[in-house]
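Visitor: I would like to learn how to read the features of a model like this one. Could you walk me through a few of them?

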Amino acid sequence: MERSNHTATEFILVGFTTDPTMQLVLFAVFLGVYSLTVVGNTTLIVLICKDSQLHTPMYFFIGNLSFLDLWYSTVYTPKILMTCISEDKSISFAGCVCQFFFSAGLAYSECYLLAAMAYDRYMAISKPLLYSQAMSVKLCASLVVSSYLGGFTNSSIITKRTFALNFCSGNVIDDFFCDLLPLVKLACGKKDGYQTVLYFLLASNVITPTVLILASYLFIVATILRIRSTQGRLKAFSTCSSHLISVTLYYGSILYIYSRPQSSYSLDRDKIVSTFYTVVFPVLNPMIYSLRNKDVKEALDKLIK
């Protein structure tokens with residue numbers, strides 16, 4: 001990738017605070033959260049691979065979501081930990097490009113994957129008799145591959161356009177990772193074409209999957225309302241409640257940051273929201289999909305015994 005006309009060969013990550021005591025506290029917190037993320041997502045992946053009862057389309061998607069979250073957290077957290085305990089807050093230009101590329105690719109892929117999971121829940125509730133036949137291994141694998149392909153294709157576009165900007169306002173990134181908005185704030189010159197690409201990617205990677213998810217849940221709600229018994233309705237709703245929680249938390253934080261007008265940006269406030277979907281959310285998913293799930297609990301008991 002060609003570098004833009006900036007003079008800096010590296011960027012400085014400001015992080016959360018310059019207070020040494022608070023940095024140690026944050027180091028301990030992020031290390032604990034990352035450890036739980038690795039253990040939780042790895043355990044869920046192992047359970048889904050080893051237990052034949054979990055070899056279903058729903059758990060196939062959950063396993064891929066856990067893999068995405070594990071990879072996603074690893075893109076950010078090791079550098080955050082180093083920034084907290086080291087006096088060197090710099091990240092090389094190439095390192096910033098790589099972090100940006102993988103973070104965007106994984107975030108976009110997760111948007112598509114959550115939309116695929118919504119379709120899976122729609123098929124399971126609306127057409128239970130045809131579910132196993134309709135959600136074949138080939139279709140599930142195709143949906144996952146398409147999620148990665150769409151995510152990283154769009155990530156390549158936004159990464160190339162972002163680092164082609166002229167960073168003439170310094171090299172200090174007021175954030176804990178190489179994120180879109182802080183980098184754009186460092187750029188100067190013509191940004192009209194860049195804004196057009198940015199809005200297009202926001203529409204294709206966030207708005208479009210959101211519409212697909214909403215459409216799936218409209219059909220799901222219509223199906224649930226046709227169920228006569230209250231117990232049947234609750235059972236049908238419980239099969240998609242975990243996915244609904246994940247979608248609400250993930251899309252809510254992303255839309256909050258990237259779909260607002262520039263006049264309302266607040267980097268300090270956005271750091272907190274960014275922390276949620278980059279560091280906290282990956283540790284929540286294993287809990288969301290396992291704590292209330294009888295099949296996963298039984299698989300864990302078998303593995304322990």
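Visitor: How do the axes of α1 and α2 cross, and within what distance do they come?

Guide: Two packed helices are described by the angle between their axes and the distance between the axes. Here the axes of α1 and α2 cross at roughly 160 degrees and come within 9 Å. An axis is a line fitted to C-alpha atoms, for helices over the stretch in contact, and angles run from 0 to 180 degrees between N-to-C directions. Helices (H or I, at least four residues) and strands (E, at least two) are DSSP runs, numbered from the N terminus. This is a predicted model, in which local features need pLDDT of at least 70 and side-chain atom pairs count only at pLDDT 80 or more, while totals for chains, interfaces and linings use all residues. Residues are numbered from 1 along each chain as its sequence is written, and side-chain values use heavy atoms, with hydrogens and water left out.

Visitor: Which word describes the direction of α1 relative to α2, and which hand does the crossing have?

Guide: Angles under 35 degrees count as roughly parallel, over 145 as roughly antiparallel, 65 to 115 as roughly perpendicular and the rest as oblique. α1 and α2 are therefore roughly antiparallel. Their crossing is left-handed, a term for a near helix turned anticlockwise from the far one by less than a right angle, with right-handed for clockwise.

Visitor: What are the angle and the axis distance for α2 and α3?

Guide: α2 and α3 pack at about 160 degrees, and their axes are 10 Å apart. The two helices are therefore roughly antiparallel, and α2 passes α3 in a left-handed crossing.

Visitor: At what angle do α1 and α10 pack, and which residues meet?

Guide: The angle between α1 and α10 is about 85 degrees, with the axes 10 Å apart, so these helices are roughly perpendicular. On the α1 side, Thr-43, Leu-44, Val-46, Leu-47 and Lys-50 meet Val-296, Ala-299, Leu-300 and Leu-303 of α10. Contact means heavy atoms within 4.5 Å.

Visitor: Which residues touch the most other members of the largest nonpolar core?

Guide: In soluble globular proteins, nonpolar side chains tend to be buried together. A nonpolar core is a set of buried Ala, Val, Leu, Ile, Met, Phe, Trp, Tyr and Cys residues joined through side-chain atoms within 4.5 Å. Buried means under 20% relative accessible area, exposed over 50%, and partly exposed in between (1.4 Å probe, protein chains only). The largest core in this model has 57 residues, of which Phe-61, Ile-62, Leu-114, Met-117, Ile-213, Tyr-250 and Tyr-251 touch the most other members. The elements giving two or more residues to this core include α1 (20–50), α2 (57–85), α3 (93–126) and α8 (230–258). A second, separate core has 24 residues, among them Phe-93, Ile-173, Val-197 and Leu-198.

Visitor: What does Tyr-251 touch?

Guide: Not counting residues up to four places away in sequence, Tyr-251 touches Cys-111, Tyr-112, Leu-114, Val-206, Pro-209, Thr-210 and Ile-213.

Visitor: Is Asn-154 buried or exposed, and what does this residue touch?

Guide: Asn-154 is found in helix α5 and is buried, with a relative accessible area of 10%. Setting aside residues up to four places away in sequence, Asn-154 touches Tyr-108, Tyr-112, Leu-201, Ser-204 and Asn-205. Asn-154 and Tyr-108 are 46 residues apart in sequence, with their C-alpha atoms 7.8 Å apart. Another asparagine to look at is Asn-64 in helix α2, which counts as buried at 16% relative accessibility. Beyond its neighbours within four places in sequence, Asn-64 is in contact with Leu-113, Val-144 and Tyr-148.

Visitor: How many disulfides does a search of the whole structure find, and which parts does the pair tie together?

Guide: A disulfide is a covalent bond between the sulfur atoms of two cysteines. With a cut-off of sulfur atoms within 2.5 Å, the search finds one. This disulfide joins Cys-96 to Cys-178, with an S to S distance of 2.1 Å. Cys-96 lies in helix α3 and Cys-178 in the loop between β3 (172–173) and α6 (180–186), so the pair ties together parts 82 residues apart in sequence. The torsion about the S-S bond is about -130 degrees, so the disulfide is left-handed. Cys-96 is buried at 0% relative accessibility, and Cys-178 is buried at 1%.
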